[in-house]
Amino acid sequence: MWWQDAVIYQIYPRSFQDSGGDGVGDLEGIVSRLDHVAGLGAAAVWISPVYVSPNADFGYDVADYTAVDPAYGTLEDLDRLIEAAHARGLKLLLDFVPCHTSIEHPWFRQRPEFYVWADEPPNNWLASFGGTAWQLDPSTGRYYLHSFFPEQADLDWRNPDVQAAMTDAMRFWTRRGVDGFRLDALDRLLKDPELRDDPAETDAPVLPLQPEYGRLRHVHSRNAPDIGTALRAIREAVGDALLVGEVFVATADLAPYLEALDVAFAFEPMLANTDVARLRSAIAAAIDTEKLGWVLSNHDFSRFATRFGENARAAALLFMSLPGPLFMLQGDEIGMVDGPGAHPPLDRTGRDPFRHPMQWDSTPLGGFTTGPPWLPLVDPQDRNVADQEQDPDSELSLYKRLIGLRRQLAGIPRFLDSPDNTLVLERGDHLVAVNFGSQPLTLERPGGLLAEARPGDGADTLELPAHGGWIAGP
Ligand code: GLC
């Protein structure tokens with residue numbers, strides 16, 4: 001399979017490259033920057049939604065699944081992007097949002113039976129962003145279900161016409177040459193058909209949740225046991241296209257999704273951050289589960305370099321040395337950090353800081369645009385692609401080395417016993433060691449040095465420096 005051990009590069013189109021000077025990234029801009037992605041050694045790009053959208057959730061509220069939003073270009077531009085990616089040996093994944101549509105999608109009025117309606121809120125279900133999951137529609141006087149923003153009405157996937165309409169839309173894209181899909185919010189696709197109340201949560205959540213939402217244990221409002229029926233319909237529609245699921249549940253609960261998907265994001269390891277004991281057990285569980293893909297960061301969470309701070313280079317070395325696909329967000333490769341966001345916020349749930357424009361060069365607008373950017377640039381003078389290209393010790397050079405090396409690592413990884421704050425992983429003839437602590441340790445490096453997290457980390461064959469790491473092998 002082409003995605004085995006592949007690095008899949010997430011492009012957040014609004015913030016990648018603007019070609020028109022309006023301050024919003026677009027498809028033509030992506031085409032102009034594909035050489036950077038190919039040069040990094042990535043195998044594929046996943047582009048966050050570019051469908052027609054009123055942008056209540058920046059593209060994740062879709063008003064037409066088979067048309068490109070004019071802010072990003074035209075359908076022909078997307079065809080050109082697919083072609084340009086393929087010409088560079090890159091696969092292209094679209095982000096498909098099956099769980100809900102925008103309330104401005106024509107279906108919301110023309111096909112009300114596609115959605116979940118009630119005369120009164122029938123239960124205590126909550127939206128992931130907080131508040132009740134039931135919204136009064138003033139024009140009908142009825143309530144509709146929304147798992148996210150009220151502008152995102154949940155589709156009723158138990159209705160065969162919904163399945164047919166959505167799988168038709170996916171086929172529209174596979175026919176145009178798309179190689180796969182990242183499937184949004186799959187744990188919200190199927191709910192309890194009896195709409196029973198969710199009970200109160202008594203345990204700490206395994207994955208971080210919005211506090212109000214986390215007060216309930218979501219056993220009925222999501223994650224229905226018959227999810228396989230919907231996913232099998234999707235699989236049948238797309239043949240062997242790659243299906244990557246965003247399923248925000250504990251690793252232990254992913255099995256029913258993985259029957260039809262090729263990959264699901266490994267969120268537990270991603271969100272363990274620098275808690276080394278948690279990270280180790282989350283990685284080990286994900287490896288045992290199989291079919292999971294590592295995530296450095298995405299558009300919903302604090303950026304990789306911010307979450308790992310001074311350990312970011314060592315953490316990148318660790319994740320890159322694991323088997324299976326790996327997903328990174330544009331800018332991770334230059335160590336982009338969270339920014340100030342916008343005031344007042346554009347995203348109502350506070351995710352602007354993770355979505356600042358890509359920094360291509362050291363000019364004030366970072367080479368991203370010539371117009372006023374939709375979100376400000378953070379620090380292009382301190383980190384940008386052009387400067388890091390020239391510097392063998394930069395993050396960008398490290399990422400390129402690690403992506404190249406990844407393909408040479410074979411064998412199931414096995415954690416060896418190691419001191420607190422360190423992880424030591426054996427993969428076949430290779431040894432991967434990282435130290436998230438602030439004290440250097442003595443650890444013999446077997447074989448030659450293949451990569452070092454920070455310049456100089458491999459200078460002493462007995463040392464594992466503080467906040468450092470290396471990959472060694474024959
Ligand atoms: C996914 C997306 C997120 C979006 C939500 C609702 O979690 O990654 O950005 O807000 O689904 O579609």
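In the predicted model described here, a polar side-chain atom of aspartate 184 lies 2.8 Å from an oxygen atom of the ligand, a polar contact being a pair of N or O atoms within 3.5 Å. A polar side-chain atom of glutamate 246 is likewise placed 2.8 Å from a ligand oxygen atom, and for aspartate 57 the corresponding distance is 2.5 Å. Taken alone, the ligand exposes 310 Å², of which the protein buries 95%, with accessible areas computed by the Shrake-Rupley method with a 1.4 Å probe. The ligand is surrounded by 13 residues, the closest being Asp57, Asp184, Glu246, His299 and Asp300, where a residue counts as near if one of its heavy atoms lies within 4 Å.

Because the model is predicted, local features need pLDDT of at least 70 and side-chain atom pairs count only at pLDDT 80 or more, whereas totals for chains, interfaces and linings use all residues. Residues are numbered from 1 along each chain as its sequence is written, and side-chain values use heavy atoms, with hydrogens and water left out.

One cavity of 30 Å³ or more was found, a cavity being a set of points on a 1 Å grid over the protein atoms alone where a 1.4 Å probe fits but cannot get out. The largest cavity has a volume of about 40 Å³, and its lining, defined by residues with an atom within 4 Å of a point, includes Tyr12, His299, Arg303 and Phe354.

Helix H11, a DSSP run (H or I, at least four residues), spans residues 312–320, and nine of its nine residues are buried, that is, under 20% relative accessible area with a 1.4 Å probe and protein chains only. Among these buried residues are Arg313, Leu317 and Phe319.

Notes: Buried means under 20% relative accessible area, exposed over 50%, partly exposed in between (1.4 Å probe, protein chains only). Helices (H or I, at least four residues) and strands (E, at least two) are DSSP runs, numbered from the N terminus. On a 1 Å grid over the protein atoms alone, a cavity is a set of points where a 1.4 Å probe fits but cannot get out, and a pocket is an open set with protein on both sides within 12 Å along at least five of seven lines; lining residues have an atom within 4 Å of a point. Grid points are joined across faces, edges and corners, and a volume is the space filled by probe spheres set on the points. A polar contact is a pair of N or O atoms within 3.5 Å; within protein, one must be able to donate a hydrogen and the other to accept it, and residues adjacent in sequence count only if both atoms are side-chain atoms.
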